[in-house]
Amino acid sequence: MADIRAAVESVFRQESGRIIAGLIRMSGSFDRAEEAMQEAFASALSVWPDQGIPSNPGAWIMTAAHRKLIDAARKESTRRKKQDAVSYDVPSSFEAEIEEPAMHFPDERLRLIFTCCHPALNNEAQVALTLRTLGGLSTPEIAKAFLLPEATLAQRLVRAKRKIHEARIPYEEPSPDHLPERLASVQAVIYLIFNEGYAASSGDDLVRHDLCAEAIRLGRVLCELLPHESESMGLLALMLLHDSRRKARMVGGELVTLEEQDRSLWCQAAIAEGLQLAEKALKIGPAGPYQLQAAIAALHSEAKAPGETDWPQISSLYEKLLEWNPSPVVALNRAVAIAMWQGYDEGLRRVDALGASGALDRYYLFHAARADLLRRLYRTAEAAEAYRRAVDLTTNAVERNFLMRRLAAIKL
Amino acid sequence: MRYMMLIYSKEIEGGPSPQQALEQMAAHGAAIEEASAKGILVSAEPLAPTITATTVRLLNGKPLITDGPFAETKEQLAGYYILECQNLDEAIDWAAKIPTGCKGGEGCIEIRPLPGLPTRPPMNG
């Protein structure tokens, strides 16, 4: 029985996205599809112990869920006919598909991913819905990962599904002229999920890593479904390269900077895959923001020691990134990269120039970057002041601890 | 599905220039003509300016009348279109064609589906 349960769980993990995508297409409803899928998995748990695990478990679930959908539609139809004279239309394709074997059911996940990430839904709804349907995470799991009460998350999902249904967000792949912007929306949702898991925070480490793993999985699915999109590859490469440093980045609950990380802890398999993807993406082009960020991460990954980092190249990649995203945050990163090869004085001059407008005053990383450069320049009193500003501004416990340690170290 | 496109325009002092007003009218004319030719136009009308607005609410069962629109915001409801569209994506494409500058400043379009009065129990999710 334990075997059966494990088998069912494995089918759920690997195939529920595809199954639910197909069921939504057939029923035209997220709720009906979810219900039918849940019932089918429950049937598997009761039938498989006697009949054995079918040779194609995913197709078995799909067929069972499909039958449940048809049963439910028939029941509903009868109920409505009794209730009033107006009959509820069961889509005719529904009935026609009864006998069709579901061995090779079409992959509808693209429709699903574009619907879940539709720009008419807010970010929170997009993330929740994507994780719930394509990610196959349960509502409690998602709530836990986002440190939210389960009821809040459940409410988000209900609202999102209502909007899809009542405002008629189509269950379709976007037309070619809308594809770039819609794909960007999907990529943004996946990256948001990754960053939620990656941001060092006081949450449960393990659960948060689940979010990174889930985002990487979704990134793979996107690359598989639309194989020639260089920015999707860039995104996947970026996530893999960042995730490769997971073990080195947090040690004993403390944040370790890139410079101070034990590079032997970096996951070489993830790096190799990330580098390969980044290169492949570059050949397809054009190089957008995800690819540029992946290229920066790749240069860090390729450096055997911090001193071997190709900072001139990194600076010029930030320069290119600024063309896509002219934000003070990117400019700050470029200034720090420049400091690493043109001198801390030059870096500090640039950082201060960026701060002159006051736009970065409330941004803790601005003060942390200044503090770090001042520390390297042995301007201890000013560095301490900047660290204190940064500490005041960060809301994240792990980051605050890191800054406090730095502050304590320069005071010695 | 019928969608209502609510036009929120930014009222600026002095209103639109005569040139702007002409351009706005021409752009609405084009949008209305195109929607009409496609057979999806249900209706489209401008609203009289907010100085003409009256708000009514019930207080202890009696109507309480106040001058002006319900919400005092920079962007004012200036008109609407009702279009019959297949889905939200089509409605969004149309909304992008509707000008919003009739009060002088650029505004936005809010899209709301019109589900109609319920004639039978709502379908679940």
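This is a predicted model: local features need pLDDT of at least 70, side-chain atom pairs count only at pLDDT 80 or more; totals for chains, interfaces and linings use all residues.

Residues are numbered from 1 along each chain as its sequence is written, chains are lettered from A and ligands numbered from 1 in the order in which they are written, and side-chain values use heavy atoms, with hydrogens and water left out.

In chain A, helix 15 (residues 311–324) and helix 16 (residues 328–342) have axes that come within 8 Å and cross at roughly 165°. Helices here are DSSP runs of H or I with at least four residues, numbered from the N terminus, and axes are lines fitted to C-alpha atoms over the stretch in contact, with angles from 0 to 180 degrees between N-to-C directions. Helix 15 of chain A is therefore roughly antiparallel to helix 16 of chain A, a term for angles over 145 degrees, just as 65 to 115 counts as roughly perpendicular. On the side of helix 15 of chain A, the residues in contact (heavy atoms within 4.5 Å) include W311(A), Y318(A) and L322(A), and these face a set in helix 16 of chain A that includes R334(A), I338(A) and W341(A). By class, the residues of this contact divide into twelve nonpolar, two polar and two charged, where Ala, Val, Leu, Ile, Met, Phe, Trp, Tyr, Cys and Pro count as nonpolar, Asp, Glu, Lys and Arg as charged, and the others, Gly among them, as polar.

Helix 5 (residues 109–116) of chain A packs against helix 9 (residues 179–198) of chain A at an angle of about 80°, with the axes 9 Å apart, and so the two are roughly perpendicular. Here I113(A), F114(A) and T115(A) of helix 5 meet L179(A), R182(A), L183(A) and V186(A) of helix 9, a contact with five nonpolar, one polar and one charged residues.

How many disulfides are there over all chains? The count is zero, a disulfide being taken as a pair of cysteine sulfur atoms within 2.5 Å. For C212(A), the nearest cysteine sulfur is that of C267(A), 13 Å away, and C212(A) is buried (under 20% relative accessible area, with over 50% counting as exposed, partly exposed in between, 1.4 Å probe, protein chains only) at 2%. C223(A) is also in no disulfide, the nearest cysteine sulfur being that of C117(A) at 14 Å, and C223(A) counts as buried at 14% relative accessibility.

Finally, D392(A) lies in helix 19 (residues 380–393) of chain A and, at 64% relative accessibility, counts as exposed. The C-alpha atom of D392(A) is separated by 34 Å from that of L131(A), 261 residues apart along the chain.

Notes
Angles under 35 degrees count as roughly parallel, over 145 as roughly antiparallel, 65 to 115 as roughly perpendicular and the rest as oblique.
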